[in-house]
Amino acid sequence: MSFSNTRRLAACISLVVSFTQAACATDILIADEKSQPESLTMAPGGVLIVGSASSPFVYRVRSGSSIAEKFIDASAEGPGTFFFGMLADASSNTLWTCQLTPVPNTTPVQRHTALRSFDLSTGAPKFRWNLPGDNTTCNDFAIGPDRALYITDTATGRIYRLPAGASTAELYLEHRVLQGVDGITFLDGTLYVNNVIFNKLYRIPVDAAGKPQTPVDIWMDQPIKGPDGMRAANGKLFVAENGSGKISVLTVNGDKASVTVIKEGLKTPTGVEPAGDTIWFTERGMGKAESIPMPK
């Protein structure tokens with residue numbers, strides 16, 4: 001999306017639950033009455049891609065458009081299928097997604113989840129890897145300096161690594177402090193993850209052989225609540241706090257971080273995507289994808 005188009009749409013893009021009058025000047029209306037946008041990503045050409053945590057669809061909003069069209073339909077995967085993480089990889093023309101499907105007749109509900117990828121231009125399926133285990137939560141991912149994909153499994157406290165071109169991911173790290181691991185990103189070549197349950201931020205150090213070591217707890221100068229989607233840009237971490245209704249910027253210095261709130265008063269923000277001079281985020285509780293200017 002050109003920056004002019006980004007600014008025009010930045011006023012407010014809403015994935016609303018009906019065709020009623022919305023409060024914003026620019027709305028994206030979708031036919032799905034239950035859609036709860038959970039994660040989003042910006043594809044080349046200014047195409048915004050948004051997944052739904054309550055329906056089996058991924059939506060695409062073309063540059064300059066105010067229409068959210070169904071891009072991926074996973075309804076054949078089984079009742080209750082929905083999506084978490086979204087990540088566009090322009091270099092391979094790939095959209096990475098986390099697909100979750102409830103296991104029938106389980107109490108409490110269990111889920112089988114899959115890492116899937118699709119052609120970024122056409123939506124055609126490309127890759128699938130089912131996370132091992134009876135109850136898993138593929139949540140989010142990041143592409144590392146080695147071009148491998150690093151994947152979080154919130155339910156098992158694991159991080160997986162999918163080497164570029166591989167057909168199967170490998171266990172990268174499992175640790176008790178990762179029970180609840182959610183957002184994941186690389187900042188200046190270093191891997192960071194957050195914990196949505198225990199409100200933590202961790203750095204994942206590696207040894208001389210590149211093997212991950214015990215996660216390092218990053219002390220923050222003010223609390224964050226329900227850290228969810230997390231991305232890096234301009235030397236900082238951007239975090240959606242689903243428990244406090246905030247979008248925050250974290251400036252990391254060694255094993256400490258300062259927290260600056262740049263947007264608050266939101267209802268369950270879960271995804272965040274810095275894109276040029278704009279920060280996009282999902283407000284799951286309101287059925288919206290919105291944006292604000294990038295802080296100077």
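These legends walk through several close-up views of one predicted model. Residues are numbered from 1 along each chain as its sequence is written. Because the model is predicted, local features need pLDDT of at least 70 and side-chain atom pairs count only at pLDDT 80 or more, while totals for chains, interfaces and linings use all residues; side-chain values use heavy atoms, with hydrogens and water left out.

**View 1**
A search of the whole structure turns up 1 cavity of 30 Å³ or more. On a 1 Å grid over the protein atoms alone, a cavity is a set of points where a 1.4 Å probe fits but cannot get out, and lining residues have an atom within 4 Å of a point. The largest cavity holds about 70 Å³ of space, where a volume is the space filled by probe spheres set on the grid points, and those points are joined across faces, edges and corners. Of the 14 residues lining the largest cavity, Ser39, Asp140, Gly229, Thr270 and Gly271 sit closest to its centre. Strands E3 (37-43), E11 (138-143), E20 (227-233) and E24 (269-275) each bring at least two residues to this lining; strands, marked E, are DSSP runs of at least two residues, numbered from the N terminus. E20 gives the most, with 4 residues. By type, the lining splits into 3 nonpolar, 6 polar and 5 charged residues. Here Ala, Val, Leu, Ile, Met, Phe, Trp, Tyr, Cys and Pro count as nonpolar, Asp, Glu, Lys and Arg as charged, and the others, Gly among them, as polar.

**View 1. The largest pocket.**
Next comes a pocket, which is an open set of grid points with protein on both sides within 12 Å along at least five of seven lines. The largest pocket has a volume of about 360 Å³. Its lining is made of 13 residues, and Leu87, Thr185, Arg231, Ala232 and Glu273 lie nearest its centre. Two or more lining residues come from each of E3, E7, E11, strand E15 (181-187), E20 and E24. E11 gives the most to the lining of the largest pocket, with 3 residues. Sorted by type, the pocket lining has 9 nonpolar, 2 polar and 2 charged residues.

Look for Asn194 in strand E16 (residues 190-195). Asn194 is buried, with a relative accessible area of 1%; buried means under 20% relative accessible area, exposed over 50%, and partly exposed in between (1.4 Å probe, protein chains only). The Asn194 side chain reaches the backbone oxygen of Asp228 at 3.0 Å. Not counting residues up to four places away in sequence, Asn194 touches a set of residues including Gly180, Asp182, Lys200, Pro227 and Met230, where contact means heavy atoms within 4.5 Å.

**View 2. Asp153 at the end of its strand numbering.**
Asp153 belongs to strand E12 (residues 149-153) and is buried, with a relative accessible area of 0%. A polar contact of 2.9 Å joins the side chains of Asp153 and Thr156. Such a contact is a pair of N or O atoms within 3.5 Å; within protein, one must be able to donate a hydrogen and the other to accept it, and residues adjacent in sequence count only if both atoms are side-chain atoms. A polar atom of the Asp153 side chain also lies 2.9 Å from the backbone nitrogen of Thr137. Leaving aside neighbours within four places in sequence, the contacts of Asp153 include Leu131, Cys138, Arg158, Tyr160 and Val181. The C-alpha atoms of Asp153 and Asn139 are 5.9 Å apart, though 14 residues separate the two along the chain.

**View 3. Salt bridges.**
Side chains of opposite charge can pair when their charged atoms come close. The structure holds 12 salt bridges, each a side-chain nitrogen of Lys or Arg within 4 Å of a carboxyl oxygen of Asp or Glu. One of them joins Arg147 and Asp89, with the closest N and O atoms 3.1 Å apart. This pair links distant parts of the chain, 58 residues apart: Arg147 is in the loop between E11 and E12, and Asp89 is in strand E7 (residues 82-89). Arg147 is partly exposed at 41% relative accessibility, whereas Asp89 is buried at 10%. Another salt bridge pairs Arg161 with Glu170 at 2.8 Å between the closest N and O atoms. Salt bridges that share partners also join Arg60, Arg62 and Glu69 into one network.
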